Amino acid sequence: QPDNWRMIFPCPPRHQRRLAERLQAQVADGRLPIVHVLVYPQQTLNHMVLVYGVEETPTEVRFHAYDPNDAAAPILLTYDRGARTFVYPQVPYFGGGPVKAYEIYESVLY
């Protein structure tokens, strides 16, 4: 993936908050953003999901996503407003927990 070079840079909380807001807006506009979720430098997760739905609570934003590793059921990629981080659920290939996230193909450059 050409834009994986971004994984080595920090994802500050403000970036994650802005990403959550941008993903919400895109889903509301009928777009389907692709999100790279990862744990770096441990590399316990390096995966992409397709976001297609969103629901909000006072404490979090839950993104419904298609996981190509398990097409039978959607996953919930959650943005925790208090911690200002994304949380990936426990799945067979990852134990669950906080992750860095960024959108794939968000501009011409990356």
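Contact here means heavy atoms within 4.5 Å. The model is predicted, so that local features need pLDDT of at least 70 and side-chain atom pairs count only at pLDDT 80 or more, while totals for chains, interfaces and linings use all residues. Residues are numbered from 1 along each chain as its sequence is written, and side-chain values use heavy atoms, with hydrogens and water left out.

**View 1. Threonine 78 and its contacts.** Threonine 78 lies in strand 4, residues 75-80 (strands, E, at least two residues, and helices, H or I, at least four, are DSSP runs numbered from the N terminus). Apart from neighbours within four places in sequence, threonine 78 touches Glu60, Val61, Arg62, Thr85, Phe86 and Val87. Its C-alpha atom is separated by 6.0 Å from that of phenylalanine 63, 15 residues apart along the chain. Threonine 78 counts as buried because its relative accessible area is 13% (buried is under 20%, exposed over 50%, partly exposed in between, with a 1.4 Å probe and protein chains only).

**View 2. Tyrosine 52 on strand 2.** Tyrosine 52 is placed in strand 2, which covers residues 45-56. With a relative accessible area of 40%, tyrosine 52 is partly exposed.

**View 3. The fold around these sites.** One helix and six strands make up the elements of the protein chain, in the order α-β-β-β-β-β-β from the N terminus on. Of its 110 residues, 39% count as buried. Where contacts join residues at least 6 apart in sequence, 48% of them link residues at least 24 apart.
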